[in-house]
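Please read the following briefing alongside the structure, which is shown just below. The points are grouped by topic, so that each can be checked against the model in turn.

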Amino acid sequence: MLKKTLLGTALAAGLGLAIPAQADELRIGFISPTTGLYAQIGKDMVDGFQLYLDEHGGKLGGADVKLIVEDDQGKPDTGVTKAKKLILQDKVNLFVGGLLASTGYALAPVSTAEKVIYLSSVSSADDLTQRQLDKYPYFLRTSWTSSLPNHPLGQWACDQGYKKVITIAADYAFGYESVGGFQKAFEDCGGKVVQKIWPPLGTKDFGPFIPTMKADADAIFTVMVGPMALQFPKQLRGAGNKKPIVGSGVSYDEFVLPFMGDEVIGDVSSLHYSAGIQTPENEKFVKAYRAKYGKMPGYYSENNYTTAMWIDEAMKQAGGKWPGPEQFIKLMQGIKLNAPRGPVSMDDMRNPIENVYIKKVAKTKLFGYDKEELWNTTVKVYPNVSQFWTYGKDKFLAQPVYDRDFPPCKFCE
Amino acid sequence: MISQNVKILIVAVCLLAFAYIVPQSGSFVVLLATRAMAFAILAMSVDLLLGFTGMSSMGQAAYFGVGAYLTAVLATKFHFGMGWDFWLVVVMGILLGCALASLFGLFAIRAGGVYFLMITLALGQCVWGLAYRWNSLTGGDNGINMSGRPNFGLDLGNEVTFFYLVFAFFAVSLIALFVLVRSTFGRSLAGIRERELRMQILGYNTWLHKYIAFIIAGGFGGLAGVLWAHTNGHVSPETVVLTTSVDSLLMVVLGGAGTLVGAAIGTAIVFGLREFLSTLVPWWQYALGGVYVLTILYLPMGLMGIPSRFRQRTQGKDEGAKKLATKPS
């Protein structure tokens with residue numbers, strides 16, 4: 001036993017030696033769940049980033065990129081361990097990724113403690129770039145805040161003449177923040193959220209929830225994540241409920257859309273990306289992605305593709321040399337990109353300003369593909385939306401972060 | 001047969017070698033070893049129940065969780081426990097683990113076998129539910145982030161310093177549990193494991209024995225939680241989730257139940273595979289699964305059963321065991 005233990009520790013010690021960084025190499029750590037419940041999403045994230053790298057010969061801004069992918073298994077705690085591995089052992093210049101909001105909250109302090117850039121490419125926890133930003137000077141985001149696309153959707157739903165809306169959303173922080181954004185904008189415009197339903201994250205049987213939905217509502221706002229997205233519309237329509245759906249974009253993301261049935265045609269959702277955006281930039285991206293990976297890119301892929309593009313531009317401006325974290329943030333904040341999702345830039349709270357697409361599911365042919373498929377076709381574009389919507393930064397930050405009970409449900413009884 | 005003293009000596013030498021070698025390697029290895037040792041305390045507490053008392057608890061993450069949440073809540077809401085008062089938090093963590101176990105024990109100890117397993121599982125899930133839904137206290141799904149580690153003259157922010165501290169706690173826990181299981185109390189626990197009815201007939205209050213063992217295990221769980229919270233400075237419902245309990249059970253079975261050291265070895269192997277191998281290859285889960293399957297097929301006594309199995313084969317005394325070793329049933 002003695003021998004075995006010694007051998008084991010010696011092996012660990014040998015492998016644990018830090019690899020010295022090469023001169024002009026940009027070392028990027030990438031954290032995503034490549035095993036476990038979210039493995040497929042994790043893979044989409046890596047694929048998006050990798051696609052951009054491959055298109056540019058493995059270089060960003062002239063620097064050779066060493067991409068090190070780590071599996072966080074969808075657990076925030078494991079994410080922290082992996083981030084520390086990337087920083088302490090692999091000596092990365094920055095780390096990217098993190099899927100869940102909770103992972104984002106867990107990884108941000110690591111960036112502060114180790115003084116290494118954390119670029120959040122999917123994780124959308126609102127407060128990281130809002131009330132808590134001061135705590136995380138090395139944190140920036142290329143994706144979105146959970147409430148960002150839902151403010152415009154609230155406005156849009158109100159403009160459609162909906163008066164009473166039921167919300168049904170996964171029971172965790174991302175759901176609260178999405179519903180909060182929708183409710184705030186919808187009620188400020190004169191609408192009423194009359195019922196809020198919170199099925200647990202991962203619910204597959206909505207039998208207990210659907211019959212409790214109020215009959216006098218005009219529409220339903222949904223936030224369904226992963227497998228939930230596939231089940232809810234099917235079961236809702238199966239139960240004979242024909243009310244229009246306006247939902248968070250994740251409920252109809254291209255990650256699940258190809259597996260859905262025709263019952264979702266006509267459902268509306270909003271997000272900062274849709275594979276159906278008809279611009280040359282997006283068409284090129286969708287075609288390249290489908291050719292390479294054989295499936296439709298969703299926002300998980302696009303977010304990471306754009307993240308690589310953003311780093312590429314910053315590295316170009318830095319002359320192909322890692323400029324150090326402070327300078328890198330400055331460069332990133334000054335960049336305006338024409339990404340597949342449309343024009344993006346970064347606000348002074350280090351969160352993107354981007355278009356929000358109100359989109360409707362339709363069965364159609366796009367981009368010259370010869371088969372009819374389900375696409376999120378754009379109904380309306382809200383250009384250059386910031387995380388503060390139309391409220392203004394100071395007024396918005398004065399209210400608490402959206403939560404299960406905020407905004408309070410004034411019209412529920 | 002190697003005498004008991006030689007065995008103790010081997011363990012001591014291994015521990016010292018571990019404490020000497022690890023800090024020399026990369027700081028990530030130090031962090032991993034620290035995490036593994038904190039978790040090993042939890043695994044040893046499971047071993048006290050499973051290996052020495054014959055109760056397979058599926059809810060040990062509950063005590064681990066309350067220890068971790070106590071540390072995080074005190075640190076973030078009251079700025080308590082970041083200086084010398086860290087030691088108070090350690091004591092409070094142990095007491096809270098004991099207190100919760102003494103409450104849960106009232107429900108759980110009434111049952112045995114698979115019913116005990118299910119009750120502890122349910123109670124553990126209650127704690128998880130609280131952590132997940134009591135947003136104002138636990139931060140819900142997002143968890144709690146602590147800023148930095150305690151500094152009381154000794155700066156635990158330094159990975160190596162913290163490693164030595166956790167190592168000390170680990171070693172003390174190992175010794176304490178070792179003394180416990182070799183005491184008269186520990187012997188009667190083993191008696192209960194072997195045949196509870198006989199112990200009752202002999203006049204032992206077996207319920208009380210099991211209850212006390214359960215509380216002690218809870219206390220060690222709480223201690224492990226306090227240390228764990230500081231390893232990554234992040235506590236979330238994932239800390240209290242069912243898989244944490246299952247992991248600790250599997251580690252004990254892998255290393256060999258009823259040996260204490262086996263629990264630590266099992267923890268080291270699982271951490272090595274899950275957190276170290278996963279940084280090297282994408283197929284680490286197959287390796288982990290393979291290790292579990294092979295252990296259960298060929299080493300029902302766990303890795304600590306290897307020496308006795310080896311002895312049986314060379315001496316050929318026990319034909320039955322020999323057959324079992326070569327032929328999986």
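In this predicted model, V268(A) stands opposite K360(A) in strand β14 of chain A, and the strand that holds V268(A), β11(A), covers residues 268-271. From that pairing the briefing moves to the other strands of chain A, then to its domains, and then to chain B.

**Strand β11 of chain A and its partners**

- β11(A) pairs with β14(A), which covers residues 352-364, in the antiparallel sense, and 4 bridges join the two strands.
- β11(A) also runs parallel to strand β10 of chain A, residues 245-248, to which 3 bridges join it, and here S248(A) has S270(A) as its bridge partner.
- Along β11(A), V268(A) and S270(A) point one way while S269(A) and L271(A) point the other way, and all of these residues are buried.

**An open sheet in chain A**

- A sheet of 6 strands in chain A is open, with mixed pairing, and its strands follow the order β2-β3-β1-β4-β5-β6.
- The edges of this sheet are taken by β2 (59-60) and β6 (139-141) of chain A, and because each has a single partner strand, one side of each is left without a neighbour in the sheet.
- Within the sheet order, β4 (residues 94-97) and β5 (residues 117-120) of chain A are parallel and are paired over 4 bridges, with G97(A) standing opposite S120(A) in β5(A).

**Backbone details in chain A**

- Q73(A) is not a glycine, yet its phi is positive, at about 55 degrees; this residue is found in the loop between β3 (63-71) and α3 (76-88) of chain A.
- Q73(A) counts as buried because 24 other C-beta atoms lie within 10 Å, where the cut-off for a buried residue is 20 or more.
- W389(A) likewise has a positive phi, near 50 degrees, without being a glycine, and lies in the loop between β15 (373-385) and α11 of chain A.
- W389(A) is buried as well, with 21 other C-beta atoms within 10 Å.
- The peptide bond that leads from F406(A) to P407(A) is cis, with omega near 0 degrees, and P407(A) is found in the segment after α11 (393-398) of chain A.

**The two domains of chain A**

- Chain A is divided into domain 1, made of residues 24-145 + 281-346, and domain 2, made of residues 150-271 + 355-398, and the C-alpha centres of these two domains lie 26 Å apart.
- The contact between them takes 21 residues from domain 1 of chain A and 14 residues from domain 2 of chain A.
- On the side of domain 1 that touches domain 2, the elements of chain A that give two or more residues are α2 (39-55), α8 (280-293), α9 (299-317) and β13 (342-346), and α8(A) gives the most, with 3 residues.
- The residues on that side of domain 1 of chain A divide into 9 nonpolar, 6 polar and 6 charged.

**Chain B as a whole**

- The secondary structure of chain B consists of 16 helices and 4 strands, and its C-alpha atoms fill a box of roughly 60 × 50 × 35 Å along the principal axes.
- The radius of gyration of chain B is 20 Å, which agrees with the value near 20 Å that a compact globule of 329 residues would have.
- Of the 329 residues of chain B, 49% count as buried.
- Among the contacts in chain B with a separation of 6 or more, 74% are between residues 24 or more positions apart.

**Where chain B meets chain A**

- In the contact between the chains, 33 residues of chain B meet 34 residues of chain A.
- The elements of chain B that give two or more residues to this contact are α1 (4-21), α2 (27-53) and α11 (237-240), and the largest share, 6 residues, comes from α1(B).
- The side of chain B that touches chain A is made up of 11 nonpolar, 18 polar and 4 charged residues.

**The largest nonpolar core**

- The largest nonpolar core has 216 residues, of which V165(A), A40(B), A43(B), M44(B) and A224(B) touch the most other members.
- α2(B) gives the largest share of this core, with 20 residues, and at least three residues are drawn from each of domain 1 and domain 2 of chain A.
- Leaving aside residues up to four places away in sequence, A224(B) touches A38(B), F39(B), I41(B), L42(B), F64(B) and G67(B).

Technical notes:
Residues are numbered from 1 along each chain as its sequence is written. Chains are lettered from A and ligands numbered from 1 in the order in which they are written. This is a predicted model: local features need pLDDT of at least 70, side-chain atom pairs count only at pLDDT 80 or more; totals for chains, interfaces and linings use all residues. Domain bounds come from an automatic or database domain assignment. Two residues are in contact if their C-beta atoms, placed from the backbone, lie within 7 Å. Ala, Val, Leu, Ile, Met, Phe, Trp, Tyr, Cys and Pro count as nonpolar, Asp, Glu, Lys and Arg as charged, and the others, Gly among them, as polar. A residue is buried if 20 or more other C-beta atoms lie within 10 Å of its own, exposed if 12 or fewer, and partly exposed in between; C-beta atoms are placed from the backbone. Two strands pair if DSSP finds at least two bridges between them. The radius of gyration is taken over C-alpha atoms; the globule rule is 2.2 Å times the number of residues to the power 0.38. A nonpolar core is a set of buried Ala, Val, Leu, Ile, Met, Phe, Trp, Tyr and Cys residues joined through C-beta atoms within 7 Å.
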